Amino acid sequence: MVGDAYGELSIKSRREFFQHRIRMRILVYILFAITLLLAGFLLRADAWRGNTELHTLLETAATVLALFTGAMALIRYYAKKNSLFLLVGSGFLGAAVLDAYHAAITSSFLADRTPSALSALTPWSGTTSRVLLSLVMCASLFVWRRETQPAGTAKIKESVVYVLVGAWTLITFLLFALVRLPPAYYPDFIIHRPAELAPALLFSLAAAGYLWKGLWKRDDFEHWLVLSLIVGAASHMFYMAFSKTLFDTLYIADHMLKILGYLLVLTGLFISMFSIFKSETENAARLKRVNESLANEIAVRQQVEEDLRETQAGLEARVEARTADLAHVNEALQAEIGERTRAEHAAEAASRAKSEFLANMSHEIRTPLNGIMGMTDLALDTDLTREQREYLETAKLLGDSLLTVINDILDFSKIEAGKIDLEAIDFDLRDCLEATLKTLALRGDEKGLELLCEIAPEVPEVVRWDSSRLRQVVVNLVGNAIKFTNEGEVALKVCTEISNGENCTLHFTVSDTGVGIPAEKQKSIFDPFIQADASTTRKYGGTGLGLTISTRLVAMMGGNIWVESKIGRGTQFHFTMRLGVSDAKVIEVGAIAPPEILRGVRVLVVDDNRTNRRILEGMLKRWDMRPVSVEGGEQALIALSTAHERQEPYGLVLTDMHMPKMDGFSLIERIRQKPELSTATIMMLTSAGHRGDAARCQ
């Protein structure tokens with residue numbers, strides 16, 4: 001009786017909670033609509049005006065939000081098929097393309113490039129994305145109605161949706177590029193922009209339809225979608241319809257409301273995705289509890305069998321009866337084990353399906369983002385004001401960051417899905433590592449860091465394995481070292497650990513003089529989405545996947561990875577890799593001077609970095625040259641003068657470009673001022689050159 005009363009009370013409490021939530025959401029809708037209309041009346045009398053640059057900035061922000069919202073909606077659709085998310089994702093991606101076109105074609109640097117005047121082109125081209133989105137919202141209601149009918153079991157085809165949205169976008173481009181548009185503003189009418197009534201009516205119909213649909217009462221995504229539709233209806237019914245001129249207060253406010261509408265839908269998508277992941281986590285936890293219970297039951301059954309065997313001698317009759325009973329129990333247990341195995345296979349298949357889906361979405365996500373970044377690069381090559389260039393450079397930086405995040409996530413998902421194949425080819429290890437470090441040299445030079453590479457003489461010259469994946473691991477580790485090092489050096493060292501002729505195991509070490517990693521964090525940093533400190537996600541950025549991807553790739557290539565670090569003393573990342581050894585004659589590496597030319601030549605090495613001097617001395621000694629190293633320009637001049645007095649001049653001077661007190665250029669000028677010292681050949685070394693360095697050397 002107590003249990004029944006508790007159950008009735010719990011059901012009653014849940015019913016009251018849902019009724020209260022419905023009432024609160026209705027109140028929010030009413031207050032939200034009233035607030036938007038009152039704000040419109042207040043802004044209508046405001047005489048403030050914006051400009052083309054502000055309009056371009058708002059449309060660029062709307063483009064990025066629409067693109068991200070569309071991608072998230074399609075991810076949600078492919079995770080659990082639902083036609084609503086297919087239409088929302090396609091509509092927002094189409095709106096993103098149209099908003100990007102609108103922002104570009106109406107910007108100040110593309111003005112007067114179309115048959116239509118800017119006063120007509122700007123309002124008409126801005127309306128098309130809203131009309132498309134409102135039509136898609138109305139279409140989603142029609143599709144939902146058809147699919148809920150008893151006979152309407154056929155799902156809408158993805159190709160049909162993509163073709164229709166693409167056709168709308170293409171026709172829009174041709175319309176604005178070829179047709180001279182009529183005026184959009186009619187000051188003598190009560191409604192100055194009657195064309196805005198079309199999207200206002202469509203958004204209003206969509207909002208009414210979703211309210212009638214009723215899923216907003218329990219579905220969080222549709223609740224946020226209704227809020228977005230209210231924003232769309234209000235913005236076009238009042239803000240744009242009563243806007244008197246381009247860039248007035250109502251016009252700018254409408255663009256801000258459009259961004260708000262996109263943000264509301266994006267918020268609903270994040271909540272929906274979170275609920276899916278939460279449900280999957282609860283299912284996994286439930287399965288784990290079932291497995292533990294089954295394991296305990298198996299242990300009990302095994303103990304029972306052991307007891308029966310011990311009493312077999314004196315209790316044969318009872319043992320036979322018990323054995324018969326146990327056979328029935330084992331059959332039931334085997335059935336349970338079979339169910340558990342099928343459940344595990346289903347869970348693994350679902351996990352693989354999700355990973356394969358993310359891996360296959362690479363083209364669909366990166367293609368539009370690359371298009372936006374390419375258009376931004378083209379815009380940066382045009383004549384821009386300082387403020388415009390700053391806006392576009394910021395947009396490009398954000399696009400690069402987003403592309404990096406997407407690339408990391410997609411690489412990780414490909415590894416999880418088992419879609420990364422390793423390609424074994426012959427390549428020159430030293431050329432591969434030097435070319436890889438050249439791509440990172442500029443970043444190190446911008447922070448004033450020494451970027452070093454030391455490859456032991458016994459390391460084979462030509463090896464066989466996947467060079468692109470080796471470069472990816474080196475870029476991840478050296479890039480991290482540069483990011484977390486503010487001064488000092490970053491060094492890559494390679495040596496041979498095991499060699500048996502046909503194969504060898506190489507030991508790679510990436511060391512830096514950066515901030516270091518706490519001991520308690522050194523294991524967790526190899527886990528996905530984990531960094532050494534929560535604050536680094538704000539200070540340094542990144543996805544936390546670089547080390548995870550590197551760990552998986554190293555394991556696939558037959559190696560191991562680990563870290564050694566102390567706070568404030570830098571970090572050393574070690575990884576091993578098993579490579580095949582190829583014949584060096586197979587790959588043409590270019591002509592090399594005969595060793596007799598270099599044997600016995602005296603060389604003066606000038607570098608303020610002790611590690612650099614050690615590396616150069618080792619290389620020169622292997623060529624039978626006679627190196628002498630100093631750490632600065634003054635010591636170099638003294639060494640040259642001393643060698644001249646002893647009639648043992650240096651044949652070659654290797655000097656670093658960037659040194660304290662006296663840099664490489666100053667040292668050369670001092671040498672050229674003394675003819676008796678300028679007989680040696682001078683070679684200047686630098687990790688990253690700057691504009692004008694080549695002309696200065698000449």
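Analyst: Happy to! Let's begin with serine 129, which counts as buried because its relative accessibility is 1% (buried means under 20% relative accessible area, exposed over 50%, partly exposed in between, with a 1.4 Å probe and protein chains only). Before going on, this is a predicted model, where local features need pLDDT of at least 70, side-chain atom pairs count only at pLDDT 80 or more, and totals for chains, interfaces and linings use all residues. Residues are numbered from 1 along each chain as its sequence is written, and side-chain values use heavy atoms, with hydrogens and water left out.

User: Good to know. Where is serine 129 found, and what is it in contact with?

Analyst: Serine 129 is part of helix 4, residues 118-148 (helices are DSSP runs of H or I with at least four residues, strands are E runs of at least two, and both are numbered from the N terminus). Leaving aside neighbours within four places in sequence, serine 129 contacts Ala95, Leu98, Asp99 and Lys258, where contact means heavy atoms within 4.5 Å.

User: How do helix 3 and helix 8 cross?

Analyst: The axes of helix 3 (residues 83-105) and helix 8 (residues 249-310) come within 13 Å and cross at roughly 150 degrees. Those axes are lines fitted to C-alpha atoms, for helices over the stretch in contact, and angles run from 0 to 180 degrees between N-to-C directions. The crossing of helix 3 and helix 8 is left-handed, that is, the near helix is turned anticlockwise from the far one by less than a right angle.

User: Which residues make the contact?

Analyst: Helix 3 brings Phe85, Val88, Phe92, Ala95, Asp99 and His102, and helix 8 brings His255, Lys258, Tyr262, Val265, Leu269 and Ser272. By class, that contact has 7 nonpolar, 3 polar and 2 charged residues. Here Ala, Val, Leu, Ile, Met, Phe, Trp, Tyr, Cys and Pro count as nonpolar, Asp, Glu, Lys and Arg as charged, and the others, Gly among them, as polar.

User: Changing topic: what does arginine 21 touch?

Analyst: Not counting residues up to four places away in sequence, arginine 21 touches Lys217, Arg218 and Asp220. Arginine 21 sits in helix 1, residues 2-44. From arginine 21 to lysine 217 is 196 residues in sequence, but 7.6 Å in space, C-alpha to C-alpha.

User: And leucine 326, buried or exposed?

Analyst: Buried, because its relative accessibility is 14%. Leucine 326 lies in helix 9, residues 316-360, and touches Glu305 and Leu308, again not counting residues up to four places away in sequence.

User: What about phi of aspartate 624?

Analyst: It is near 60 degrees, a positive value in a residue other than glycine. Aspartate 624 is in the loop between helix 17 (610-622) and strand 9 (626-630), and counts as partly exposed because its relative accessibility is 41%.

User: How many disulfides are there?

Analyst: A search of the whole structure gives 0, with a disulfide being a pair of cysteine sulfur atoms within 2.5 Å. Cysteine 432 is buried, at 6% relative accessible area, while cysteine 453 is partly exposed, at 25%.

User: Last one: how about the chain as a whole?

Analyst: The chain has 20 helices and 11 strands, and 42% of its 698 residues count as buried. Among contacts between residues at least 6 apart in sequence, 77% join residues at least 24 apart.
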